[in-house]
Amino acid sequence: LVSLLPLSGNDGEGMSRSDNNINISGSSSGGGGGGSTGSGKGAPPALLAYLRKLRREQFRKAEKVVVVEGLQPLAQALARGWRPETVLMARDMVGRFRAAVSKELYAAAEVFEDVDGLVRSAMRVDHLDAVVAIGPAPLFELDRATVAPVRRALVVACQDPSNLGSVFRSAAAFGVDSVFLLPGAADPCNPLTVRSSTGVSLHLPSYSANLLLPRLGDVPVFLGCCDGGVDARTLTAHDSFVLVVGHETRGVPKEWQGRGTSVHIPIKNVDSLSVGVATGILLHRLSQG
């Protein structure tokens, strides 16, 4: 398979998507788009170096890209409308990849076969299928001229990317319209977040929590806490609500304390629930009663 990636530089130094295109397949023919037959060369150092640099959140944001790892997470992200620009995969994954995506998507992406088996060295999660896709990061913007109250919103401060992915997944399952991120929260475009959310974090709009306060209106606010407040089992369904679940260990931040009704989930035999599980329980109660 042959691919043209917007990379430049030597072994990844100074490369970016904004630089001039170079042929990374090693083919002198220079042909091909997604799905074409290439020269059989292994992944060039420039591509692998670029992928390794994309592990860093600051670099990903500067490049305005998302990295999706593994065939199943990629298929889920595709199903939610995300479109990769480039796909790198191990040779034994080519058939499965073709079977998992439509012909149109396969033809649209620049696809590169890693015949040397080095793709795993550039992945964050090495036990997944050896498929890595690079594509544009989603851009969500609130209309700053309109401060209409939100309908269903989730405020989170999860620092662990996998926890944040679980929270996004629960949010989608129970009809949350938008997720608002508190300072210090993980990146919704982190590969671990994307995988854990099954691609939801690339689809469900997310914003800074600072943008939510002017939009609260009279929407009821609920604060998830470890103890105190009302029993979650007494909650009834609400058409509109804001749920604040806060940080994994520190809980609801000070700026949100006192802004709503504190809620706890009665538990036995353990000290606490993961933030993803707790969020799912509270969202179920608030959305379905």
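**View 1. The largest nonpolar core of this predicted model has 37 residues.** Some residues have the most contacts inside this core: Leu51, Leu54, Leu74, Trp82, Met89, Phe97 and Leu202. Several elements give two or more residues to the core. The helices are H1 (45-53), H3 (71-79) and H4 (94-100). The strands are E3 (65-69), E4 (86-90), E5 (110-114) and E6 (131-136).

View 2. A second core is separate and holds 28 residues. Among them are Ala171, Leu181, Phe241 and Val245.

**View 3. Seven strands form an open sheet.** Follow the order across the sheet: E9-E8-E7-E12-E10-E13-E11. The pairing is parallel. The edge strands are E9 (206-208) and E11 (230-231). Each edge strand pairs on one side only.

**View 4. Strand E8 meets strand E9.** E8 covers residues 178-181. The two strands run parallel, and 3 bridges join them. Look for Phe180, which stands opposite Tyr207 in E9.

**View 5. Helix H8 is shown with its buried residues.** H8 has 14 residues. From first C-alpha to last, H8 reaches 20 Å. That is close to the 20 Å expected at 1.5 Å a residue. Which residues of H8 are buried? They are Val275, Gly276, Ala278, Thr279, Gly280, Leu282, Leu283, Leu286 and Ser287. Their cover includes helix H6 and strands E7, E10, E12 and E13.

**View 6. Ser170 is a residue of helix H6.** Why does Ser170 count as buried? Its relative accessibility is 14%, and buried means under 20%, so Ser170 counts as buried. Now look at what Ser170 touches, not counting residues up to four places away in sequence. The partners are Gly276, Gly280 and Leu283. These three are among the buried residues of H8.

Key:
Residues are numbered from 1 along each chain as its sequence is written. This is a predicted model: local features need pLDDT of at least 70, side-chain atom pairs count only at pLDDT 80 or more; totals for chains, interfaces and linings use all residues. Side-chain values use heavy atoms; hydrogens and water are left out. A nonpolar core is a set of buried Ala, Val, Leu, Ile, Met, Phe, Trp, Tyr and Cys residues joined through side-chain atoms within 4.5 Å. Buried means under 20% relative accessible area, exposed over 50%, partly exposed in between (1.4 Å probe, protein chains only). Helices (H or I, at least four residues) and strands (E, at least two) are DSSP runs, numbered from the N terminus. Two strands pair if DSSP finds at least two bridges between them. The expected span of a helix is 1.5 Å times one less than its number of residues. Contact means heavy atoms within 4.5 Å.
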